[in-house]
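Take a walk through this model with the sequence at hand.

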Protein chains: 2
Amino acid sequence: MLGARCLLQALRSCSSAPCARPRAPAALSVRDALRARGASGERVKVQGWIRSARSQKEVLFLHVNDGSSLESLQVVADSSFDSRELAFGSSVEAQGQLVKSPSRGQNVELKAEKIEVIGNCDAKAFPIKYKERHPLEYLRQYPHLRCRTNALASILRVRSEATAAVHSFFKQLGQHLHHPLALDSGFVHIHTPVITSNDCEGAGELFQVEPSSKTKVPKENFFNVPAFLTVSGQLHLEVMSGGNSTLIEMKEVVKDLNWLGIRAFTRVFTIGPTFRAENSQSRRHLAEFYMVEAEISFVESLQDLMQVMEGLFKSTTMMVLSNCPKDVELCHKFIAPGHKDRLEHMLKNNFLTISYTEAVEILKQASENFTFTPEWGVDLQTEHEKYLVKHCGNIPVFVINYPLALKPFYMRDNEDGPHHTVAAVDLLVPGVGELIGGSLREERYHFLEQRLARSGLTEAYQ
Amino acid sequence: MLGARCLLQALRSCSSAPCARPRAPAALSVRDALRARGASGERVKVQGWIRSARSQKEVLFLHVNDGSSLESLQVVADSSFDSRELAFGSSVEAQGQLVKSPSRGQNVELKAEKIEVIGNCDAKAFPIKYKERHPLEYLRQYPHLRCRTNALASILRVRSEATAAVHSFFKQLGQHLHHPLALDSGFVHIHTPVITSNDCEGAGELFQVEPSSKTKVPKENFFNVPAFLTVSGQLHLEVMSGGNSTLIEMKEVVKDLNWLGIRAFTRVFTIGPTFRAENSQSRRHLAEFYMVEAEISFVESLQDLMQVMEGLFKSTTMMVLSNCPKDVELCHKFIAPGHKDRLEHMLKNNFLTISYTEAVEILKQASENFTFTPEWGVDLQTEHEKYLVKHCGNIPVFVINYPLALKPFYMRDNEDGPHHTVAAVDLLVPGVGELIGGSLREERYHFLEQRLARSGLTEAYQ
C-alpha cells in the first residue's frame, strides 16, 4: 500500500523540536488489546473510562472501555491501588502487562503496575447509571453523554465502518467488474453542494437558508436567488457524469435538469448530507440524513446497474459483519432480534429479480389484506414491498420495469406494451422495503422531447 | 484485503435474471489504457468524449477523454469511419486493439475496429470551444459544462484523491504511531450534524435554516429552537472524544461547550461541510467549505499533536502527487507556477517548530514593512505568517505556545511567565499561511473555572 509507506516516511521525518511536555510511550486501544492472541506479558498502556470497579479480597478488578470496541478490558490490580476515584465513569490510564486471563469471558487481561486517574466522575450527578439500560427517550436529553452507552456507541462504530466500506467499494469496483487491464474503478468522489438554488420541482419540503438576523449584510442580496438545503446530489453528479448514465441512490428523488448536458466523468459518487423539511417524527422521515449516490455513464442494461447495487449492499454488509462482530451481536440480541441471521441469509443467496408486472400479480394473488389494493399502474406501498420480500424467502428482491406513467420523464422508455414501462429498478430488502433505487436514463432526444411535452414541462426545462 | 475478497464473492453471486438488454463486454478507462505497459494488441473498449478529431490521408485520429485522467487516448481508425458526428464534444464508444503508439507523446493508442457515436454535440452551440483556454469567470456561467475543462476536472480528481487520503491516513495512523500490537488506528469517523441549534458564541456569521415558505407547517414549531448551519463539527467531536483531548482543524474556530462532559471514544474525525455567512468574495472566504477535524483523547504534549498534523499534511500530499501526477503538473505549469517543486521541497524536509514569542522576535527584526506592526500579544496576520514561512526556507512551520489572552478559555495553560501562554499550535505553510490549527485542552477543573470567571462566561457555560 502506497499510502502506508508514504505515511511511515512522513512520520519518521517528523519534527523533533522541543515541546512543552515529554512524550509518553505509545498506548494500545482496548480493541487491539483484546485481539492480541497468546498475550505473554507484553508491556502496554491503555486509556479509557471505567465501566465497572469491584474489590475482591486482595484484588481490584476494573473494566476499562475506550470506545474502540463494545467489550471492555479487564484490568487486575493489587488492592493497594484501590481508591474512591477508581469508580464508574472516571477516565484512567493503566500500565502493565498483557497476560492470558484465567477468568471466563475474555482471553486477555491487563496486570496493572500503575493506574492514574485522569478525570474523576461524580457517579451521583452522572445521568448514566452503572448496569442500567436507559431508554432512548431518556438519552435524548443528554446528547453529550449518550455515546457512552453500548447501543449508541455501537451504532457510531457500525456507521463509521459502513462509510469506509462504501468508499472502498467504489474504489475497488473496477478490479472485478471490468477489463483485466483495469487498475482501479475510475470512480471520482464528489462533494456535491449542500446549499443550492434548485427548488427540486417545487416538492415543497425544503429548508430555506438565509444569513441569520445577526449578520449585517442585507438578506435579499446574499445569494441573489433564494437558497435551499439540498435534497439530493443527483443533479450535480449527473452533470459530471454523462452519456447514458444511471443513478443509484438510497432514497428516490424526482429531480432533473440539463439532461443532455455534456459531462466530464464516466463514474462519480457521493456520500452527502441531504435534507427534508417534512414535519414527521417517524423512523422513515429525518430532517437531515446521509445518502449514497452514484452516476455511471455508458451503462447499457439494468443488469449492469443491479450488479453494482448488489455488490454495494453485500460488500458493505460483509465489512460491517467482519469488522464489528460484537456490535452486530448486540443489535442481534437486544435491538433487532435475529438481525444477524437475517443478514447472513441475504449474503448467502443471490438476489432475485422480478418485474413490476410480476410483482403486482403476486400481490393480487396474496391472501393478505392490504390497506392499499395492489393494482397495475399504482405505486407499491411499504406493505406491498414487505410482502414481496417475504414471498421471495426474505432475500432482497430487485423490482424492475415500472409503469412509465409513475416515473419521471428521464427514465429510459422500454418501448413495450400494452403495459408501457421504463427501465427503473428498486432494491427491496427485508425489514425496510425500498433501500436503493436506480434507472437507465433516456438518452434519445426525441423521446425526451415527447415526454416533456406530455408532462407540460417543456418550458421549465428549456 | 477483506473488502476486495468479499466484493468478488458478492459480484460472483449476483443475480442472473433476465433484463431488458444484453450485457456488453467490459470497458477500460482511458487512464488504465494509458497505464498499460507493453500493450500488445489486447482487445479493449473505451468510452468517452472526443477532445479532438483530425483526418490525415487515409487515417482518422481521435483523442478520447473520459475524465479518468488529464490525458486523452489516441484512437486511430481507417478513414472509412470518418463522419461529421465524430467531432469535438460527441460521446463515443470505441472498440479495438491496444497497441504501442509510433507517435511521440504517448505510449499506447487504440487501433479502432468499431466506433459508435452515443451522443453527438453541436459544436457551434456548445459554449466550450476546441483548444481555447476559457477564463474561470466565463466558465462560472456553465456549471453543468465547466467540468469538461482540464483545469476543473483536474481539481475534482485531486480533491477526490485528497479526500481518500485523509480517510486512509486516519485509518492507518495507529500502525506507526502506536504499540506494535496495534492493528488499526482506532479512529472512528463521525458524521457531525449540519443543522445545529448552537449559535457559536454569537459570532454573527451564521446561516439560519427554516422550512421554506412552500412548506405548510408553522415555522416557529419546526425545530422548537432557532436552527443554523454548522460552522464546525468540533463540538460534536469533543463530546464523543474525551479526557485531555486535542483538536486538529483546517480553520480556527472559537467554540466550545460541555468541556468536561465525559466522552465515549478516544479518537474521532470528520470531513464535513461547514458554513459561514460572510459577505466576502475573496479566495479565503466561502459560504460553504469542507473541513477535516479530529479529536484525540489522552494526548500529553503538543509534540504528539504536531506529529499527527505533519503526517496528515505529508501523506495527503504524497498520495495526490503519486496518484494524480498529470493533474499536479497542469497546476504546476498553468495555474500556480512552480507548485510541484514547492510541494516536493516541503515533503523532503522536516517541518520546523518555533514559539509564538520567537516568531514575534523574528518579525520585529525583519526589514520588511508590514501593514500591521508585529507585537507580542497581538494575533499574527497573514502577511506575518507568509514572512515566517519564507524566513524558514519555505518549509511549513509550527508556531506554538500562543498568548493566553488571545486564545479561548479551553486551551491548556502553560503556567509560564512573564509571557503567559497556552498550548496551542498553528501550522503555517508556504503560499497559504495558517492551514491547520490545534491545541491541548485544559483538563484541570479549577483552571477552567478561573478562566471562565475572568472572561465573564461562567453563566453561559453553567
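Does B:N401 count as buried or exposed? The model is a predicted one, and in it B:N401 has a relative accessibility of 15%. The limit for buried is under 20%, so B:N401 counts as buried. This residue sits in strand β14 of chain B. Its backbone deserves a look too. Phi of B:N401 is positive, near 60°, and the residue is not a glycine. Most residues other than glycine have a negative phi.

Now the peptide bonds. Most of them are trans. The bond from A:G417 to A:P418 is cis, with omega near 0°. A:P418 lies in the loop between β14 (397-403) and β15 (421-429) of chain A. In chain B, the bond from B:G417 to B:P418 is cis, again with omega near 0°. B:P418 is found in the loop between β14 and β15 (421-429) of that chain.

Step back to chain A as a whole. It has eleven helices and 16 strands. Of its 462 residues, 57% are buried. Take the contacts in chain A between residues at least 6 apart in sequence: 64% of these join residues at least 24 apart.

Next, helix packing. Two packed helices are described by the angle between their axes and the distance between the axes. In chain B, helix α9 (residues 356-365) and helix α10 (residues 382-391) have axes that come within 10 Å and cross at roughly 90°. The two helices are therefore roughly perpendicular to each other. From α9(B), the residues B:A359, B:I362 and B:L363 meet B:H384, B:Y387, B:L388 and B:H391 of α10(B). This contact has five nonpolar residues, two polar and no charged.

Compare a pair in chain A. The axes of helix α7 (residues 325-335) and helix α8 (residues 339-348) come within 7 Å and cross at roughly 115°. A:V328, A:E329, A:C331 and A:H332 of α7(A) touch A:H339, A:K340 and A:D341 of α8(A). By class, the residues are two nonpolar, two polar and three charged.

Finally, the rings. A:Y356 belongs to helix α9 of chain A, and A:W376 to the loop between α9 and α10, 20 residues apart. A:Y356 is buried, at 0% relative accessible area. A:W376 is partly exposed, at 23%.

Chain B has a tilted pair: the rings of B:F351 and B:F398 have centres 6.0 Å apart and planes at 50°. B:F351 lies in the loop between α8 (339-348) and β13 (352-355), and B:F398 in strand β14, so the pair ties together parts 47 residues apart in sequence. Both residues are buried.

Ring pairs also form a cluster in chain A, linking A:F169, A:F170, A:F187 and A:F269. Lysines meet rings as well. A:K407 lies over the face of A:Y402, 4.4 Å from the ring centre. B:K407 lies over the face of B:Y402, at 4.4 Å from the ring centre.

How values were computed
Residues numbered from 1 in each chain as written. Chains lettered and ligands numbered in written order. Predicted model: local features only at pLDDT ≥ 70, side-chain atom pairs only at ≥ 80, totals over all residues. Heavy atoms only, no water. Helix = DSSP H or I, 4+ residues; strand = E, 2+ residues; numbered from the N terminus. Buried < 20%, exposed > 50% of the residue type's maximum accessible area, 1.4 Å probe, protein only. Phe/Tyr/Trp six-rings, centres within 6.5 Å; stacked < 30°, edge-to-face > 60°. Lys NZ or Arg CZ within 6 Å of the ring centre and 35° of its normal. Axes fitted to C-alpha atoms, helices over the stretch in contact; angles between N-to-C directions. Parallel < 35°, antiparallel > 145°, perpendicular 65-115°, else oblique. Contact = heavy atoms within 4.5 Å. Nonpolar A, V, L, I, M, F, W, Y, C, P; charged D, E, K, R; others polar.
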